[in-house]
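Got a structure open and wondering where the labels come from? Let's go through a few of them.

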Amino acid sequence: MPEEKLSARYPTDLPAWKALKAHYRDDMKATSLADLFKRDKKRFTGYSVEAAELTLDYSKNFLDSKTRKLLVKLAEETGVRDAVEAMFAGEAINTTENRAVLHVALRSKLSDQVALEVPGVAEIWQILEQMTQFVSAVQKGEIRGRNGRQLTEIVNIGIGGSDLGAVMASRALRHYWQPGMTFHSVSNVDGTQLVDLTEKLDPDETLFVICSKTFTTQETMTNANAAASWITDTLGAEAIGDHFAAASTNHDAMDVFGINPKYRFGFWDWVGGRYSLWSAVGLSLALVIGMDRFWALLAGARRMDQHLRNAPLEENMPVMLGLISVWYNNFFGAESQAVLPYDNRLDRFPAFLQQMQMESSGKGVRKDGKPVKVGSGSVIWGESGSNAQHSFYQLLHQGKRFIPVDFILPAKTSNATQEQQDLAIANCIAQSEALMDGYSEEQAIADLINAGATSPEAKKLAPHKKHPGNRPSNTILLERLTPSSLGQLIALYEHKVFVEGIIWGINSFDQYGVELGKRLASDVSEVVAGDSDYEGRNDSSRGLLATINRLKS
């Protein structure tokens with residue numbers, strides 16, 4: 001079905017949506033998860049799916065065979081399969097910017113023939129080879145700093161997708177860092193992050209990687225210029241060419257800055273920021289883990305891409321994740337989702353997914369310019385599992401909000417003792433079980449009495465110990481956190497978000513919502529600097545600026 005016809009239909013008008021609404025009302029609204037497990041003694045087998053190295057257990061969700069059939073029907077009626085093929089074909093599915101969306105091409109093989117006719121795609125492997133040579137030369141010490149010292153301190157300067165992906169992946173793959181190499185990042189414009197970092201760095205051993213497609217992003221270039229001042233103040237003006245590399249397309253601006261032409265790595269306008277880790281924006285990560293591991297990251301993502309294209313919808317991991325998310329968002333009224341990895345190396349994965357989900361799906365207008373009639377997007381939040389258990393799990397277990405959960409669980413430790421990872425596994429499984437089964441008031445009374453409490457004491461305390469249960473979750477299992485499995489995990493969520501956007505009829509690949517505040521900030525910054533007076537109509541801003549200037553003086 002052509003793209004324009006797909007986007008012209010509201011999902012709420014579709015037969016599958018109407019059937020799901022009735023199914024929720026008549027069958028699922030009053031159903032408990034425990035009932036679903038009683039009806040199906042082999043529920044795990046029927047409601048789990050494997051893809052590459054990942055296993056998704058979605059059995060602890062409010063769905064049965066009828067739900068799944070209707071959700072798959074919704075995917076069919078909204079044209080999920082056609083939209084996926086349109087992306088891989090290089091069609092301009094980013095309709096507001098008239099661009100293809102080809103992060104899938106970045107991790108493809110040339111033999112996959114993914115959108116080779118789209119300008120820039122045929123250059124992907126040339127850039128990857130350039131990255132391979134550069135990374136090897138830096139790690140071997142063939143490329144050195146101004147004073148002949150080896151460059152071992154790698155500092156990524158970017159913001160948003162040019163920061164979050166590399167930071168998340170560098171932490172996730174900490175156990176793959178090459179000996180002597182260290183990853184750092186600078187993103188915040190207030191300057192303290194860079195100052196705190198440079199106090200610990202040796203400029204002779206530091207290589208900055210500036211990630212900005214246009215080489216004009218305010219936050220990134222403010223930090224880049226401050227970093228350049230630090231280098232020139234300590235090593236001299238000529239040192240810029242030895243201590244800076246860049247992922248950008250603006251060669252004129254890089255000329256002015258002083259980036260060595262051999263240290264420049266291009267990418268293309270069809271690479272969205274939150275999907276850019278696979279491009280030259282991943283250079284800082286590659287410098288630390290090695291290019292062979294970066295290639296493995298790409299290969300892992302490619303495996304999930306192939307699964308998305310080839311697996312039947314009902315056995316398709318990203319499709320099922322997306323459908324379950326829509327089910328909870330639009331029929332159960334869920335407003336947020338918690339993502340809880342049980343490996344501390346994934347502690348930045350929830351933050352990475354925040355941008356992935358909320359920048360992609362936080363849209364109130366459809367592709368055709370009409371308002372979205374249903375809730376689109378969820379608030380994504382989370383923390384590494386054990387830490388989260390001692391902070392916000394209270395809300396998950398006993399709060400009044402409906403919050404679906406994704407648990408992410410490696411079976412083998414990434415770099416500690418297996419005994420400790422086994423404890424993390426036990427906690428993860430127990431928490432998902434507790435969310436589903438709960439803990440009744442009657443159980444609490446019995447346990448309290450067995451522990452020595454009187455019956456009146458037990459009855460008084462039991463309501464506070466009750467866990468309602470009946471709270472859904474997915475569990476994503478992987479054998480071990482490796483470059484390959486991490487690539488699969490990232491691509492899984494990329495495609496999950498895409499599926500949601502197809503169903504809602506929104507453009508998941510623009511981000512105009514981040515532009516207005518940035519544009520206004522450029523005007524306000526002149527006022528803050530004292531170069532002009534505030535001419536806006538907002539009395540709050542007027543009062544705040546006056547107070548700030550008074551405090552500064």
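Here are some questions and answers about the labels.

This is a predicted model, where local features need pLDDT of at least 70, side-chain atom pairs count only at pLDDT 80 or more, and totals for chains, interfaces and linings use all residues. Residues are numbered from 1 along each chain as its sequence is written, and side-chain values use heavy atoms, with hydrogens and water left out.

Q: Why is Arg264 called buried?
A: Buried means under 20% relative accessible area (exposed is over 50%, partly exposed in between; 1.4 Å probe, protein chains only). Arg264 comes in at 8%, so it counts as buried.

Q: What makes the link between the side chains of Arg264 and His251 a polar contact?
A: A polar contact is a pair of N or O atoms within 3.5 Å; within protein, one must be able to donate a hydrogen and the other to accept it, and residues adjacent in sequence count only if both atoms are side-chain atoms. The Arg264–His251 pair sits at 3.2 Å, and it qualifies. The side chain of Arg264 also has a polar contact with that of Asp255, at 2.6 Å.

Q: Why do Cys211 and Cys428 count as buried?
A: Cys211 has 2% relative accessibility, so it counts as buried. Cys428 is at 0%, so it gets that label too.

Q: What makes strands S10 and S11 a pair?
A: Two strands pair if DSSP finds at least two bridges between them. Six bridges join S10 (residues 405–410) to S11 (residues 473–478), and the two run parallel.

Technical notes
Helix = DSSP H or I, 4+ residues; strand = E, 2+ residues; numbered from the N terminus.
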